[in-house]
Amino acid sequence: RHLINTTASVSEKDSIIRFKRDVLNGLKASPKELQPKYFYDEVGTELFRKIMKLPEYYLTDCELDIFQHKTAQLAKLITQHNEEFDLIELGSGDGFKSKHLLDYLFHSKTNFTYMPIDISKSALEYLSESLNDQLPGMEIQSFQGEYVEMLAEACYSSKRRKVVLFLGANIGNMELPQANEFCGELQSLLSPKDLLLVGFDLKKDPKKVLAAYNDTSGITSQFNLNLLERINRELDADFVVDQFEHYPVYDPISGACRSFLVSLNQQQVCIGENQIHFQKNEVIQMEISQKYDLNGICDLAAKTGFKTVGMIADSNGWFVDAIWEK
Ligand code: AVJ
């Protein structure tokens, strides 16, 4: 077996231009907002790794439970047509959960290429190194960049049936209309019989949900504030980070968990030659982490042209991986 490991990526210069444009548009809007995909620079990626180990952050443990203890069930659904395929993962991160599936598939002599896609370069490097170590000989082709763009690239270089993984409740970072639009876009990039496996965090005890985004050790707060620091580092800005406070809320009816940064005082921030004014108590909307119920998930599949072929929950019933076929 050959080890392929090419990285398709937008240039560093283009990505900084996009970052600056998105930050300025977001901070000139009302209400102000920043996009959570920008959390994941090197520092943010490390902080997210810490979040996944927090006692309050149940999501990773739940999905790990599925990938670790229901691997055969997952593998059976994925390999149902018994042919070669490409396993594309959107937002692979360090591949902590998918490794269990990769290990199972690799050792059952299934013929596949693993194609991780992530915005974080450091996460992809870490992933391919650890896979070279743990599953030597497995074919990997990694793509650094944004989901849809890189999925289009991956689909372009794939000549086989495709199985797309979108784990970790990453879909929760989209508002419901955006999630609809996104799944529709994925659907149009796939071919009949291709599969999409999506991880959803479920509605549950609201205290449990809120605590996951409001940990007592303050890591989630640092994770949010790091985006202001990243803007300082990369866009020549002068945020005084301790003039902002992390504020998460959860609405158990809509299932939207949202994080804000509250400006503790009236203040001015320079970003390059741009000035942004903050009123006291003005907020920046940072992130939505949408929680679903089973009806909502089936609805999303049906509306975007997918057929549900499997639903695997963790042992607590807090999280599900839905398997959809085009
Ligand atoms: C990686 C988007 C699934 O929303 O739960 C964790 C990110 N934000 N703590 C989530 C996150 C704050 C996470 N996702």
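These legends accompany several close-up views of a predicted model.

**View 1. The protein chain as a whole.** Let us begin with the overall picture. The protein chain has 11 helices and 15 strands. Its C-alpha trace spans about 60 × 45 × 35 Å along the principal axes. The radius of gyration is 20 Å, and because a compact globule with 326 residues would have a value near 20 Å, the two agree.

**View 2**

**View 3. Helix H2 against helix H10.** Two packed helices are described by the angle between their axes and the distance between the axes. Here, helix H2 (residues 42-52) and H10 pack at an angle of about 170°, and their axes are 9 Å apart. With angles over 145 degrees counted as roughly antiparallel, H2 and H10 are therefore roughly antiparallel to each other. On the H2 side, the contact is made by Val 43, Gly 44, Leu 47, Phe 48, Lys 50 and Ile 51. These meet Ile 219, Thr 220, Gln 222, Phe 223, Asn 226 and Arg 230 in H10. The residues of this contact divide into six nonpolar, four polar and two charged.

**View 4. The open sheet of four strands.** Follow the order S2-S13-S10-S9 through this open sheet, in which the pairing is mixed. Strand S2 (32-33) and strand S9 (244-251) are the edge strands, each pairing on one side only. S9 and strand S10 (residues 256-263) pair in the antiparallel sense over eight bridges. Within this pair, Val 249 has Arg 258 in S10 as its bridge partner.

View 5. Ser 30 and Pro 31 are joined by a cis peptide bond, with omega about -5°. Pro 31 has its place in the loop between helix H1 (12-28) and S2.

**View 6. The hairpin of S11 and S12.** Strand S11 (residues 267-271) and strand S12 (residues 274-278) run antiparallel and are joined by five bridges. Cys 270 finds its bridge partner in S12 at Gln 275. There are two residues between the strands of this hairpin, where Gly 272 takes a positive phi near 60°.

**View 7. The hairpin of S14 and S15.** Six bridges connect strand S14 (residues 307-313) with strand S15 (residues 319-325), and the two run antiparallel. Ile 323 in S15 is the bridge partner of Gly 310. This hairpin has five residues between its strands, and Gly 317 takes a positive phi near 75°.

How values were computed: Residues are numbered from 1 along each chain as its sequence is written. This is a predicted model: local features need pLDDT of at least 70, side-chain atom pairs count only at pLDDT 80 or more; totals for chains, interfaces and linings use all residues. Axes are lines fitted to C-alpha atoms, for helices over the stretch in contact, and angles run from 0 to 180 degrees between N-to-C directions. Angles under 35 degrees count as roughly parallel, over 145 as roughly antiparallel, 65 to 115 as roughly perpendicular and the rest as oblique. Two residues are in contact if their C-beta atoms, placed from the backbone, lie within 7 Å. Ala, Val, Leu, Ile, Met, Phe, Trp, Tyr, Cys and Pro count as nonpolar, Asp, Glu, Lys and Arg as charged, and the others, Gly among them, as polar. Two strands pair if DSSP finds at least two bridges between them. The radius of gyration is taken over C-alpha atoms; the globule rule is 2.2 Å times the number of residues to the power 0.38.
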